[in-house]
There are 2 protein chains.
Amino acid sequence: MAVSAAAALDLAAINTLRALAIDAIENAGSGHPGLPLGAAPMAYVLWHRHLKFDPAQPDWYDRDRFVLSAGHGSMLLYGLLHLFGSLPREEIERFRQWGSRTPGHPERGVTPGVEATTGPLGQGAANSVGLAMAERFLAHRYNRPGHAIVDHRTYALVSDGDLMEGIASEAASLAGHLGLGRLTWLYDANDVSLDGPTSLAFTEDVGRRYEACGWHVQRVEDGNTDLPAIDAALAEARAEEARPSLIVVRTTIGYGSPGKAGTAASHGAPLGAAEAVRTKAELGWEHERPFHVPNEVRAHCRSAGARGARARAEWEARLARWAAAHPALDAERRLAAGGTLPRGWDEELPAFAAGAKLATREAGGKVLNALAERLPWILGGDADLSGSTKTAIAGASDFDGRTGQGRNVHFGVREHAMGAIANGLAYHGGVRPYTATFFVFADYMRPAIRLAAMNHLPVVFVFTHDSIAVGEDGPTHQPIEHLASLRAMPGLLVLRPADATETVEAWKVALAERARPTALVLSRQGLPVLDRGTLGSAAGVRRGAYVLADPPGEAPAVVLIATGAEVHLALAARALLAARGVAARVVSMPSWELFAAQDAPYRESVLPPALSARVAVEAGTTFGWERWAGERGVVLGLDRFGASAPAAVLLRELGFTAERVAEAALALAGR
Amino acid sequence: MAVSAAAALDLAAINTLRALAIDAIENAGSGHPGLPLGAAPMAYVLWHRHLKFDPAQPDWYDRDRFVLSAGHGSMLLYGLLHLFGSLPREEIERFRQWGSRTPGHPERGVTPGVEATTGPLGQGAANSVGLAMAERFLAHRYNRPGHAIVDHRTYALVSDGDLMEGIASEAASLAGHLGLGRLTWLYDANDVSLDGPTSLAFTEDVGRRYEACGWHVQRVEDGNTDLPAIDAALAEARAEEARPSLIVVRTTIGYGSPGKAGTAASHGAPLGAAEAVRTKAELGWEHERPFHVPNEVRAHCRSAGARGARARAEWEARLARWAAAHPALDAERRLAAGGTLPRGWDEELPAFAAGAKLATREAGGKVLNALAERLPWILGGDADLSGSTKTAIAGASDFDGRTGQGRNVHFGVREHAMGAIANGLAYHGGVRPYTATFFVFADYMRPAIRLAAMNHLPVVFVFTHDSIAVGEDGPTHQPIEHLASLRAMPGLLVLRPADATETVEAWKVALAERARPTALVLSRQGLPVLDRGTLGSAAGVRRGAYVLADPPGEAPAVVLIATGAEVHLALAARALLAARGVAARVVSMPSWELFAAQDAPYRESVLPPALSARVAVEAGTTFGWERWAGERGVVLGLDRFGASAPAAVLLRELGFTAERVAEAALALAGR
């Protein structure tokens, strides 16, 4: 059969992607050629015939999203961006080098056109669920009859490794439940992972599993050469609007490599110079120059970009008509898309009367509700604990993945996917995501929190039940090391407010962050609302730490530093100390990161270097507290796991009493 | 139809379990009655007719294992232990109180008969996979024709919440792959989780999903009353030896509660006094006294225990015959079961010649292999990275879940389940488990590591690729905060050796730990083997930190403290300082925990209080280092994420050079 000119061009484009990957990886001396060689056909068909994008504006609002969840195959993505977009050849040549736009794994923000930072397996797959949810949410909020200004799809390319990860299973189960019909995963089923054939560890029937999870599953038996089958499956996936689609594409890892195709040897290391030559010969690639892109291929791929440019022009016209008809909505859309807060957004937040007693989780729920009313693009939910975290938005319905209606996302008991889906919402833009669960389960979400921090995503992670004061549920449910382990993470803001008023300020700080995630750590137990008439203003929250109480008319002899619920302990200890004639300052320190970022004069005004008699108290590990307590200071914490007992009993038995704080201070003061 | 006497007794026993749960939870004022009320029938049938246990010896070697993965339903387990075992009534009365044996969630070690600490959902399910693997492994190693001394089954009771968790999906996929025919999960399918009906978030077809994962799936439509159906399904599960079994048992949460059955209201809070009375009436429970166990129920349940006692007596006789025939095997079995190491176990470990250069992961692999030869009960594996972690046991085959043959477990890209399965192996006893993956993926395993620490499980968690020296793979693969976040966890030993010789010592320390997990943190990059002829002995590893080098014949003016690869940086800086006339001590500090546990004289001999000019260097976050550097000290670390570039470039660009260390020391020394 004669190969048509179009088919020859397709093959040339696919081989260009393959050759670029081979060359860049050889040049860098490291990288993963196996996936680009095998998955180039499906990626090419998607980008050439289906994906809606405008290379001139990679961040176009209504573009389709493409996530390479198998981030180790980054050269496939960079090759696509080079062929179809704007990534220059020099960057391909600098693959994996210091300062390049082509890092080893794709990084959002580093490379235009990269939608999500991937590499830790399963994360990108879960991100794509968030991207697809955001599209539905915004479509519901902004589209009006005759004005479809939000109308795009989300694609992810996933690997065997992705689908082995629990987070991908969680995300898939939720996507099926929500009926995210505009989400499609291309599964590069090459039956090989780093250690060898997947028969070593992964023999489930993936397609059947996804069907059981409510997905529309198709199979392409020859993903190496059968482009029409890939094309048809993608078309059918687009036609299916009620269920997410999985396309199981059988491929050969390292396709074309005579010595390594179909084996793990092609997975994670360069082919080697000789094998690279043999592979190109096998593929029929006749160009000697590395990084070569034939002119006809470039022109052929440009046509897909031109299709996208036309689509964007049509969209711009649609948007203009819509904006004229709905100016208020358009203003909102612009604000939300830009991550900007409207004037006066924080003016009508709840205030709490001194002396009232409520948990900071309760206060947090009230603040969130007030914010959600003002900022209709806040979207979030919880991992089956909204009754406890208090984070449901009252009056809003449950989020519906088909229509995009509703604002309360029921993530189910799927903390890890919840975190990564929130990241996906943030990657999409136009929505402001939050999540909620118990603080101890931050551990389940940790890889996703790390990616939020690395990618400057302004997700608000709400964590309640923040210490041993959880009580009877016992050590499995009592955070000990969690504050330290989150404070240790670069790029994350941790806030643990002491009362309802500080909680208001903490939420304000969190929302004002445009490029940093926040962990908002709240109490289960009721806490008195502090009397700001006699104590320092909670406005100090934004500086991380502030003087809450000072001795009247005399210099303090000791300083008591505390966070969250333990601030009340410090205040009580201060009274005990006053009765013993020792003047104590109380510092509330809701955020280490914010305090560390203040200038030295402010920091020294709160913690004067000369005032070395310091007692720090926090119902968690002492790890790291030397930073603030200093060498002479004493840290009252808990370097063991908790226990099951009523909270008051636990706090007493484990030493969280005003008397113990006062005793430590007395000892320091030489009394 | 007349109810038979036996059926009446069964019902009375089930209602006893229900009433005990109601009473204990009312008495405690907190707890989860919904699961015990609904799942009591299946649990009762399992314990009464199938489970092999001897109440007189809850830790009998060949007992069946039962894990309540849905740990919030702890009162069901305590009720079972009370009815069938030896848990006294006083403990039921002290449910959730300080010092009781009945904490809010089951805790291994606190309550005889509790096999695993559960509560964080999904963990127990994954533990059960490890328990079942251990049984097969030991059966293969010890059973001989005519001598089946290892011959038991593993059961877990799992909830909707468990099965939503990714870790359970990972564990189930691996269990199906391995064909763990002696593993059975009873799935309490009550369609209600804490936030309401599971229709909010969980609508997948669980049975079909498990079939796709290679499980034998059965369904019991009326789990509230159809005991014969439960019994038959359990019998069929026992007959199926080639696949793990899932029994989907439809139940009503809070069964019997007129006001709350079938709703989330019965899930996580006491029924309330009035509803408790109504529920008992509805159940036909006529006993007024709380915590009542009718005499006929006690006698009826004792018969199950008697069956177990007979089985144990038969087993003891079998064991005696086997031991007589295979005394060496029996000696090994006893050692392994007791967690003891044989005399001379550490005598033939590899030694490394000074000046050779190899990564500590390479050295670690050689040590592990030497240990594995000596200790045939070491069993472990990796998450699809054995080629990189170097942790495969040479000459051993892949672990086979049907026969129990082989020692290399291919966990697949399932880090979280890997951790929890290793915990399950340790819970079982008789095997010594290890796991391996990249250090950055410790985050994926964190909830499992925490439970290992809480439960004093001597799992060795090997983590390689321990810093930005990972290089080109970039920030997603470069640990920064991981050392700090693991050091912050109570009960975990963290070891980061500096060279091959320290790696030998680190493995020795790890294996000698009988009741503590170890994180063994190893380098990707090659590191010179230090010359112990001129430097301090690596035996210092067991003290956590030691003087590696001191100035000859003079007191040091500065001390350089480092861990892992950065020790070499410190040594190089020391040479630079010597050339500038500044005498420096170098301290290698592979383990903070071990060093902190030394007495003050030793600690002060390594870090003299007067020697406050200290430079600490570690290619990770500075968080927490004030503890050792002190107030005058300088910490050279990395409080940002890494980047993609060759390792040498990265280390230089991010400041890990001997020159920078020397400069910091010079500044401290006033030079």
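This is a predicted model: local features need pLDDT of at least 70, side-chain atom pairs count only at pLDDT 80 or more; totals for chains, interfaces and linings use all residues.
Residues are numbered from 1 along each chain as its sequence is written, chains are lettered from A and ligands numbered from 1 in the order in which they are written, and side-chain values use heavy atoms, with hydrogens and water left out.

**View 1. The interface of chain A and chain B.** On chain A, 99 residues are in contact with 99 residues of chain B, contact meaning heavy atoms within 4.5 Å. About 8000 Å² is buried between the two chains, 57% of it on carbon and sulfur atoms; buried area is the accessible area (1.4 Å probe) that two parts lose on being put together, summed over both. Within chain A, the most area is lost to chain B by W98(A), R450(A) and F623(A), together 11% of what that side buries.

View 2. Ten salt bridges are found between chain A and chain B, each a side-chain nitrogen of Lys or Arg within 4 Å of a carboxyl oxygen of Asp or Glu. Helix α16 (residues 442-454) of chain A supplies the largest share of the side that touches chain B, eight residues. Helices (H or I, at least four residues) and strands (E, at least two) are DSSP runs, numbered from the N terminus.

View 3. The side chains of E211(B) and R208(A) meet in a salt bridge at 3.7 Å, N to O. E211(B) lies in helix α8 (residues 206-212) of chain B and R208(A) in helix α8 (residues 206-212) of chain A, so this pair joins two chains.

**View 4. The six-stranded sheet of chain B.** This open sheet has the order β10-β9-β11-β12-β14-β13, with parallel pairing; two strands pair if DSSP finds at least two bridges between them. Its edge strands, each pairing on one side only, are β10 (408-410) and β13 (493-495) of chain B. Three parallel bridges link β13(B) to strand β14 (residues 518-521) of chain B, and A519(B) in β14(B) is the bridge partner of V494(B).

**View 5. The six-stranded sheet of chain A.** In chain A, an open sheet is formed by six strands in the order β10-β9-β11-β12-β14-β13, and the pairing is parallel. Strand β9 (residues 378-382) of chain A pairs with β10(A) in the parallel sense over three bridges. Opposite G381(A) stands V409(A) in β10(A).
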